[in-house]
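Subject: Structure for your review

Dear colleague,

Please find below the structure that I am handing over to you. My notes on what was found in it follow.

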Amino acid sequence: MDWFDDMSVYLDNAATTRPCAEAVEAAVKAMTENYGNPSSLHKAGLDAQLAVDYARKVIAGSIGADSSCVYFTSGATESNNLALRGAAGAYGRRKKKVVISAVEHASVDETAAALENAGYTVVRVSPREDGRLYAADFAVACDEDTFLISMMLVNNETGYILPVKETFSAVKRRFPDIITHCDCVQAYMKLPIKVNALCADMISLSAHKIHGVKGVGAIYIKKGVRVVPIVTGGKQEKGIRSGTESVPLIAAFGAAAEKLLPTIQERYEKVSGLKAYLLDRLAEIDGISVNSPEDGSPYVVNISAEGRRSEIMLHFLESKGIYVSSGSACSKGQQSGVLGQFGIRDKRADSAVRISMTAETTEEELDRLTEAVAEGFEKIRG
Ligand code: PLP
């Protein structure tokens, strides 16, 4: 039997989403009919280039950017690496400091750690006692020696929405030369994103979180901002990211973005309703605490079932055909320390379970989840 059948309840959409029919169709078309190399000078090449350009136009338009500023990568991990390492290559000779939030995804945090090993100073700004980050704390952390600030828009573990716009505009007011980078992976197609409104010089996107296919992402780089490429070769993507473009994955990314763009608001409202419903149902179970902030992205709900270890609960739910995640899916069950930054520690962090929805999630699915959580809570000891 497949792991996913009609009876399964997939609630791990922050880890990855099911590709939509439009994305699959676009990928298949690019593989079967439009399989030229975009760099080739004949018609097959031109047609492939047109498919890539179309996706670029859709994605650029979706974030209020010019097409010439969007580059395709292998995913947001690469986009984040390019943002940090590329900016260090371009600006890091004279300036040595990078400021990030202490709740970044590993693809930013580990890359910052690599820069630290190479001699740069990295300042990680933590949430205050109330579990929230403040623009003023980032502004204080920046100085004349800082060349880059990087912070995500929506945290992947709790759904917390970071004050990116306030922070970037405060930093730019004092230090107009600091480059601002935002990892928008968990926000893209869930919250409206406009590069200018966000004051972002660079943003990272991933296709597989928006019902596209794994293995493709994008980076927006504002005109005039320099990055030294981390992948060199045939100078595709204007030399920013060499390597033959994955036309099927890029076309699928464009198709998924085109499908979702008109319904951001409508889906947000629907998922907000689902979150409220889920929290009401969970409140019926004694011993459940909610780790996500009330005003976080409704797509992610992080809870703890007191004294029941995450992995044990996760596998109990799996035995009922319900798929959730413990903390961050990227870390394969390893605690990332991000929950601790939000003040969720010890036993509560050990029992954290992340439920992540889409607009297709139903109340019936959430009923099944809450019933299984209640049963798991009774049956699991430790
Ligand atoms: N940034 C955030 C916030 C994420 O949640 C993820 C994936 O979980 C990534 C970056 C990495 O994205 P990708 O899987 O496209 O490399």
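Over the ring of which residue does the charged end of Arg 308 sit? The ring is that of Phe 377, and the charged end lies 4.0 Å from its centre. Please keep in mind throughout that this is a predicted model. An arginine is also placed over a ring at Tyr 134, where Arg 128 lies over the face at 4.0 Å from the ring centre.

The largest pocket has a volume of about 640 Å³. It is lined by 29 residues, and the closest to its centre are Asn 13, Arg 18, His 211, Thr 358 and Glu 360. Two elements, β1 (9-10) and α8 (247-260), each give two or more residues to the lining of this pocket. By residue class, the lining of the largest pocket comprises 12 nonpolar, 8 polar and 9 charged residues.

**Cavity**

The search of the whole structure also returned 1 cavity of 30 Å³ or more. The volume of the largest cavity is about 40 Å³. Its lining is made up of Ile 303, Ala 305, Met 313, Leu 317, Val 353, Ile 355, Leu 369 and Val 373. The elements β10 (300-305), α10 (310-319), β12 (352-356) and α13 (363-379) each give two or more residues to the lining of the largest cavity. That lining consists of 8 nonpolar residues, with no polar and no charged ones.

**Aromatic pairs**

There are 4 aromatic pairs in the structure. One of them joins Tyr 120 and Phe 147 in an edge-to-face arrangement, with 5.7 Å from centre to centre and 65° between the planes. This pair links distant parts of the chain, 27 residues apart: Tyr 120 is in the loop between α4 (106-117) and β4 (121-125), and Phe 147 is in strand β5 (residues 146-152). Tyr 120 counts as buried because its relative accessibility is 15%, under the 20% cut-off. Phe 147 likewise counts as buried, at 2% relative accessibility.

Tyr 160 and Phe 342 also form an edge-to-face pair, at 5.4 Å centre to centre and with 70° between the planes. Tyr 160 is in the loop between β5 and α6 (164-174), while Phe 342 is in the loop between α11 (338-341) and α12 (346-350), so this pair ties together parts that are 182 residues apart in sequence. Tyr 160 is buried, with a relative accessible area of 3%, and Phe 342 is buried as well, with a value of 13%.

Further ring pairs link Phe 72, Tyr 188 and Phe 253 into a cluster.

**Backbone**

Most residues other than glycine have a negative phi. Which residues depart from this here? Met 189, which is not a glycine, has a positive phi of about 70°. This residue is in the loop between β6 (179-183) and α7 (195-198), and Met 189 is buried, with a relative accessible area of 2%. Asp 346 also has a positive phi, near 50°. Asp 346 lies in helix α12 and is exposed, with a relative accessible area of 63%.

**Residues separated along the chain**

Gln 186 is in the loop between β6 and α7 and is buried, with a relative accessible area of 7%. The C-alpha atoms of Gln 186 and Glu 157 are separated by 9.7 Å, and these residues are 29 residues apart along the chain.

Asp 66 is placed in the loop between α2 (43-62) and β2 (70-73). At 46% relative accessibility, Asp 66 counts as partly exposed.

With kind regards

Terms used
Residues are numbered from 1 along each chain as its sequence is written. This is a predicted model: local features need pLDDT of at least 70, side-chain atom pairs count only at pLDDT 80 or more; totals for chains, interfaces and linings use all residues. Side-chain values use heavy atoms; hydrogens and water are left out. On a 1 Å grid over the protein atoms alone, a cavity is a set of points where a 1.4 Å probe fits but cannot get out, and a pocket is an open set with protein on both sides within 12 Å along at least five of seven lines; lining residues have an atom within 4 Å of a point. Grid points are joined across faces, edges and corners, and a volume is the space filled by probe spheres set on the points. Helices (H or I, at least four residues) and strands (E, at least two) are DSSP runs, numbered from the N terminus. Ala, Val, Leu, Ile, Met, Phe, Trp, Tyr, Cys and Pro count as nonpolar, Asp, Glu, Lys and Arg as charged, and the others, Gly among them, as polar. Rings of Phe, Tyr and Trp (its six-membered ring) pair if their centres lie within 6.5 Å; planes under 30 degrees apart count as stacked, over 60 as edge-to-face and the rest as tilted. Buried means under 20% relative accessible area, exposed over 50%, partly exposed in between (1.4 Å probe, protein chains only). A charge sits over a ring if NZ of Lys or CZ of Arg is within 6 Å of the ring centre and within 35 degrees of the ring normal.
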